[in-house]
Amino acid sequence: MARCELSCKIGPSVLNADLSELHKESVRLLDSGADYLHLDVMDGHFVPNITFGHPVIKCLRPKIPDAFLETHMMVSKPEQWIEPMADAGVNQYTFHVEPCENIPQVCRKVREAGMKVGLGLKPGTGVSAVEKYIDLADMILIMTVEPGFGGQKFMTNMMEKVQWLRQNYPNLDIEVDGGVGPSTIHACAEAGANMIVSGTAVIGAPDPCKVIATLRDAVVNSIQKSQLER
Ligand code: DX5
Ligand code: ZN
């Protein structure tokens with residue numbers, strides 16, 4: 001039996017946190033059991049919203065030196081921010097395939113800059129758009145809301161994409177992002193997602209530790225179940 005390399009990772013999104021307290025909020029999430037932080041970078045062009053960019057992340061990095069930082073690049077020119085994000089200390093650069101003119105080249109540049117590669121798909125984009133690039137990526141992100149804002153309703157029909165990827169790539173890191181919380185995690189876990197982004201469900205909870213533990217339990221149980229079935 002092939003050994004399954006999959007592991008569960010929970011990456012809270014700070015988008016709906018008190019961004020004037022970014023450092024404090026990041027520490028709170030890490031102390032609550034987050035495996036990584038999902039930092040939503042928006043340029044007001046690819047999505048109708050603006051958040052923060054590499055200067056902010058560069059200030060945050062030395063205060064949380066050991067944290068794994070993923071930037072979710074909701075930007076029209078993903079190639080433009082590779083170097084600044086690497087310089088800011090980002091560990092994984094997840095960009096959307098939709099605006100990208102040369103996906104293999106951007107993947108290569110991200111890797112050369114010392115970061116892991118994530119490829120993101122908006123809800124309207126099919127998995128066929130990334131299929132031939134999967135070998136160039138460390139992770140595929142399936143958006144479960146239209147990117148741009150936290151607190152939106154989870155799109156259950158996106159689970160078909162997750163299922164397809166998991167069936168065809170048993171060891172691939174698959175991330176879901178948007179509307180994920182205790183009430184929607186089971187659909188994600190059963191479909192095969194193993195990297196879980198959760199924003200408002202964690203940030204707004206009285207006990208973020210408990211929410212993160214609930215998300216983790218669901219994913220770990222599904223991974224164990226699928227291993228037994230193999
Ligand atoms: C949406 C962002 C998400 C968002 C998740 O464009 O990519 O990361 O912050 O927040 P919730 O979990 O509230 O949907
Ligand atoms: Zn995101």
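**A zinc site and the fold around it**

Six donor atoms surround the zinc ion (ligand 2) and subtend angles of 73 to 174°, which makes the arrangement octahedral. Donors are N, O and S atoms within 2.8 Å of the metal (3.2 Å for Na, K and Ca), and water is not among the atoms, so sites may look incomplete. Six donors count as octahedral if opposite donors are over 155 degrees apart and all others between 65 and 115. The model is predicted, with local features needing pLDDT of at least 70 and side-chain atom pairs pLDDT 80 or more, whereas totals for chains, interfaces and linings use all residues. Residues are numbered from 1 along each chain as its sequence is written, chains are lettered from A and ligands numbered from 1 in the order in which they are written, and side-chain values use heavy atoms, without hydrogens and water.

The zinc ion (ligand 2) is coordinated at 2.1 to 2.2 Å by His 38 (NE2), Asp 40 (OD), His 72 (ND1) and Asp 177 (OD). Distant parts of the chain are linked by the pair His 72, in strand S3 (residues 69-74), and Asp 177, in strand S7 (residues 173-177), which lie 105 residues apart. Helices (H or I, at least four residues) and strands (E, at least two) are DSSP runs, numbered from the N terminus. His 72 counts as buried because its relative accessibility is 0%; Asp 177, at 8%, counts as buried as well. Buried means under 20% relative accessible area, exposed over 50%, and partly exposed in between (1.4 Å probe, protein chains only).

The protein chain as a whole has nine helices and eight strands, and buried residues make up 51% of its 230 residues. The largest nonpolar core holds 66 residues, of which Ile 57, Phe 95, Leu 119, Ile 140, Ile 142 and Ile 196 touch the most other members. Such a core is a set of buried Ala, Val, Leu, Ile, Met, Phe, Trp, Tyr and Cys residues joined through side-chain atoms within 4.5 Å. Helix H9 (residues 208-229) gives this core its largest share, six residues.

Helix H1 (residues 22-31) has Leu 22, Glu 25, Ser 26 and Leu 29 buried. Seen down the axis of H1, these buried residues fall within an arc of 100°, so they line one face of the helix; the arc is that of the directions from the helix axis to the C-beta atoms. The face turned away from the buried side of H1 carries the exposed residues Lys 24 and Asp 31. Just after H1, Gly 33 takes a positive phi of about 110°.

How values were computed:
Four donors count as tetrahedral if all angles lie between 85 and 135 degrees; four count as square planar and six as octahedral if opposite donors are over 155 degrees apart and all others between 65 and 115; anything else is irregular.
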